[in-house]
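Please read the following note on aromatic rings alongside the sequence and the model.

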Amino acid sequence: MCGIVGIVGTSLVNQAIYDALTLLQHRGQDAAGMVTSHNGKLCLRKDNGSVSEVFRTRHMKKLMGNIGIGHARYPTAGTSSSAEAQPFYVNSPYGISLAHNGNLTNTEKLGQEVFESDLRHINTTSDSEVLLNVLAHELHQEGKLIPKPDDIFNAVERVYHRIEGGYAVVALITGYGILAFRDPDGIRPLIYGSRITEAGDTEYMIASESVALDAAGFKVERDIKPGEAIFMDLNQQVYFRQCTPEKISRPCLFEYVYFARPDTVIDNISVYKARINMGEKLAKKIAVEWADLDIDVVIPIPDTSRTAALQIAQEIGVPFREGLVKNRYIGRTFIMPGQEVRRKSVRQKLNPVPFEFKDKAVLLVDDSIVRGTTSKEIIEMARDAGAKKVYIASAAPEVRYPNVYGIDMPAAEELIAHNRNVSEICELIGADGLIFQDLSDLIDACIDEKHSDVREFDTSVFDGNYITGDIDETYLNRLEASRKDTQKQESQPQSNDMMRPF
């Protein structure tokens, strides 16, 4: 999972891209990058670290230009080396920079095609670099010195024929504009908006989440449709084309559960409202299945579960308390690379308020339970703080299957719910009771019939239904072997401070 942004402006865009990336920082904290274009020349800055760590004043001063793209990286494939930080760049044709959120499921085949047929060299293990070279090849096939929007869209149509998976892409074509497109199922989010400057000019932004547009004063226009491409040229003209046969939108359900900010709207569905609904649905299940439990207090595991936990407390008539204080200078545990790093970070990130635990039967509410690392550590913390009983409720169903569309859940054996029932999971994490949301209730919680036409979602992590239709056991075994925690290798940091024209 990553955050992407692109802006076509009438003045310097470096600060606006920086601000957007900070608002998308929750989507990736491994690396950050930005490329801008000024007088036909590109300036790039990218490196490992958070947005504030990667971009200093000296870097921002050199990121000149009225057009640019940015990326916040979460490593779902490849390594945590800064060599894999985005955007990636290729000089032919035109000079193209690309940032990508998601995961291609046919990277191995594509990599071979790119080398043997397209005669292009791939320098990293990133599927984003493969995608960039596929796009560059197809644009080259158009054979135009000065490409028109139709030429660009023709190339994108052929890209769609070659790539598979869940993805949202933004690309800067030097001297021409910004191209963006979304996978045919709409798994990964992508939204665009506009704003009018004081001079009366129109500027455009495209980003992973609506919150990035809102904060910068851009009016949200709409989500990019599944299989649709948008091209914003240097004259502030915007063009669209449906590049694949139209399909129903099936966004990733985990976006609403965990990844997206609560103030974001994806495909006209409010993430905040969906999380309220999750709490309401789960509260009803708790009232039926745990009617005899002596719950004294409801405590959220911050931050994503807070909205659902508050609703649960209200519905079951139990006090809601902030019993766990979060250190906001620690990254999101789930997206940290490596199980051992995640485990050690839990107690650094959260600290209990003993008064809220001592001699109480506590209901902890989490957004989801994936590997079980966080849950186990927090339950131990609650007991150490004096809780007499610790129950836990998950706003999402059991995560039983690997994710292949851009979330780092590649190895089934790392998922605590894989091949286990609720009682077994409860015992492993050390809880006195455990309850999960039903999948049907989670789907209902996210459907907004009044504002959105979305009725289906990518639910593969819960039910093993891979909606792209290209995932089999062979693929999953290969993915697990290459990406599970025990085989991830951290590379030595390498500088990517390319603050100069290419």
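**Note on the aromatic rings**

1. The structure contains 14 aromatic pairs. Rings of Phe, Tyr and Trp (its six-membered ring) pair if their centres lie within 6.5 Å; planes under 30 degrees apart count as stacked, over 60 as edge-to-face and the rest as tilted. In the pair of Tyr-160 and Tyr-167, the ring centres are 6.2 Å apart and the planes stand at 40°, so this pair is tilted.

2. Tyr-160 counts as buried because its relative accessibility is 7%. Tyr-167 is buried too, at a relative accessible area of 0%. Buried means under 20% relative accessible area, exposed over 50%, and partly exposed in between (1.4 Å probe, protein chains only).

3. The rings of Tyr-258 and Phe-259 have planes at 85° and centres 5.1 Å apart, so they form an edge-to-face pair. Tyr-258 is buried, with a relative accessible area of 8%, and Phe-259 is buried, with 0%. One aromatic cluster is formed by Tyr-74, Phe-254, Tyr-258, Phe-259 and Phe-462.

4. Arg-222 lies over the face of Phe-240, 4.6 Å from the ring centre. Lys-360 lies over the face of Phe-355, at 5.1 Å from the ring centre. A charge sits over a ring if NZ of Lys or CZ of Arg is within 6 Å of the ring centre and within 35 degrees of the ring normal.

5. This is a predicted model: local features need pLDDT of at least 70, side-chain atom pairs count only at pLDDT 80 or more, and totals for chains, interfaces and linings use all residues. Residues are numbered from 1 along each chain as its sequence is written, and side-chain values use heavy atoms, with hydrogens and water left out.
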